[in-house]
Amino acid sequence: MFFHRQELQFKATPEKPDAVYARKLQEVLGGQYGEITVAMQYGFQAWNSHIPGKYRDLLYGIGAEEMGHVEMLAIMIAQLLEKAPLGITEDAVQSDPTVAAVVGGMDVQQAIVAGAGARPVDSNGNPWQGSYITASGNLLADFTANANAEMQGRLQVARLYHMTDDHGVRDMLSFLLARDTMHQNQWLAAAKELQEEGAELLPVPSNFPIKKEERSVSYQYLNFSDGKAASDGSWASGPTPDGHGEFSYHDGPTTSSPMPPPTRVDARYYGTTDLPNSVEKMAGRVQDKLHRE
């Protein structure tokens, strides 16, 4: 059950309209790492959770908070668009800086489609996609993805902070930056706690029998570049984070296998093969007569 309270988690009021910045702000609303993505991501992870308790409660709580961030951004965008003009003339462009700004970069669909409001799109107008979200059912994999989402989101908000001098916008962004700081830390803490409790371990999924791997290559760093500096990293020598092995460094692959022969599909796919064209035609007629659909 969702219940909406008509108040914001933090103030979201700009000092002045700015139609061009409203378009930029769409990225952290409807972009790949925007608030719609994390709200839906945490929601689906909660709904797909297989265990009750603190981890599912965490997902439910933060998912609900992120919906509040969606609302804050949508309302901010609507206010930034509040004074956007309806029409443009050549004279107006020259005399009115607001109109000039519209010509210079406003998302026209915010005006035409949304009536001077926010849309579930990124800063280029690309619709938000459900494929942005990660909800695998494996909490260690999901919490790690969540930390990445918060890092990418905070990076974008930090860049947007420097793209405006509007104190009202900056106040809201400073709040979102702070919450992203919290969320990065909480997901990393939750991932660590999962491992400490033995609920999930590295490598994910930890309950897949590790002996079924080709263990000879499980911890080899294979250098497929002419750069050599990667050999200096901790991933090229020393113990592995999962505690099950030692890293080793190799220039190029340590295994090889002969290439299988080219495939020959049903002649009625009409692909070009190494068989004569007349043979392919005959094969197709035979398969038709045998009703091999």
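Which side chain makes a polar contact with the side chain of H250? That of S248, at 2.9 Å. A polar contact here is a pair of N or O atoms within 3.5 Å; within protein, one must be able to donate a hydrogen and the other to accept it, and residues adjacent in sequence count only if both atoms are side-chain atoms.

Some ground rules. This is a predicted model, where local features need pLDDT of at least 70, side-chain atom pairs count only at pLDDT 80 or more, and totals for chains, interfaces and linings use all residues. Residues are numbered from 1 along each chain as its sequence is written, and side-chain values use heavy atoms, with hydrogens and water left out.

Now the overall layout. The protein chain has 10 helices and three strands. Both kinds of element are DSSP runs, numbered from the N terminus: helices are H or I with at least four residues, strands are E with at least two. The order from the N terminus is α-α-α-α-α-α-α-α-α-β-β-β-α. The radius of gyration is 27 Å, well over the 19 Å that the globule rule gives for 293 residues, so the chain is more spread out than a compact globule. That radius is taken over C-alpha atoms, and the rule is 2.2 Å times the number of residues to the power 0.38. Along the principal axes, the C-alpha atoms fill a box of roughly 70 × 60 × 50 Å.

Next, surface and contacts. The accessible surface is about 18,000 Å², and 56% of it belongs to carbon and sulfur atoms. Areas come from the Shrake-Rupley method with a 1.4 Å probe; for residues, only the protein chains shown count as cover. Buried residues make up 33% of the 293. Buried means under 20% relative accessible area, exposed means over 50%, and partly exposed is in between (1.4 Å probe, protein chains only). Contact means heavy atoms within 4.5 Å. Take contacts between residues at least 6 apart in sequence: 72% of them join residues at least 24 apart.

On to helix 8, residues 139-161. It has 23 residues and should span 33 Å at 1.5 Å a residue; its end C-alpha atoms are 32 Å apart, which agrees. The expected span is 1.5 Å times one less than the number of residues. At the start of helix 8, a side-chain oxygen of N138 reaches to within 3.2 Å of the backbone nitrogen of L140. Buried residues in helix 8 include L139, F143, A147, V157 and L160.

What about the largest nonpolar core? A nonpolar core is a set of buried Ala, Val, Leu, Ile, Met, Phe, Trp, Tyr and Cys residues joined through side-chain atoms within 4.5 Å. The largest has 25 residues, and L25, M172 and L173 touch the most other members. Helices 1, 2, 3, 4, 8 and 9 each give two or more residues to this core. Setting aside neighbours within four places in sequence, L25 is in contact with L73, M76, I77, L80, L160, M172 and L173. Another core lies apart from it, with 15 residues, including V38, Y42, L59 and L194.

Now a histidine. Is H69 buried or exposed? H69 is buried, at a relative accessible area of 1%. H69 lies in helix 4. Beyond four places in sequence, H69 is in contact with Q9, E35, F175, L176, R179 and H183.

Some backbone details. Cis peptide bonds join L202 to P203, with omega about -5 degrees, and V204 to P205, with omega about -10 degrees. P203 lies in the loop between helix 9 and strand 1 (220-223), and P205 is placed in the loop between helix 9 and strand 1 as well. A116 has a positive phi, near 65 degrees, and is not glycine. A116 sits in the loop between helix 7 (108-112) and helix 8.

Back to H250. Its place is strand 3, residues 246-251. H250 is partly exposed, at 23% relative accessible area. Not counting residues up to four places away, H250 touches Q220, Y221, L222 and N223. H250 and Q220 are 30 residues apart in sequence, yet 7.0 Å apart in space, C-alpha to C-alpha.
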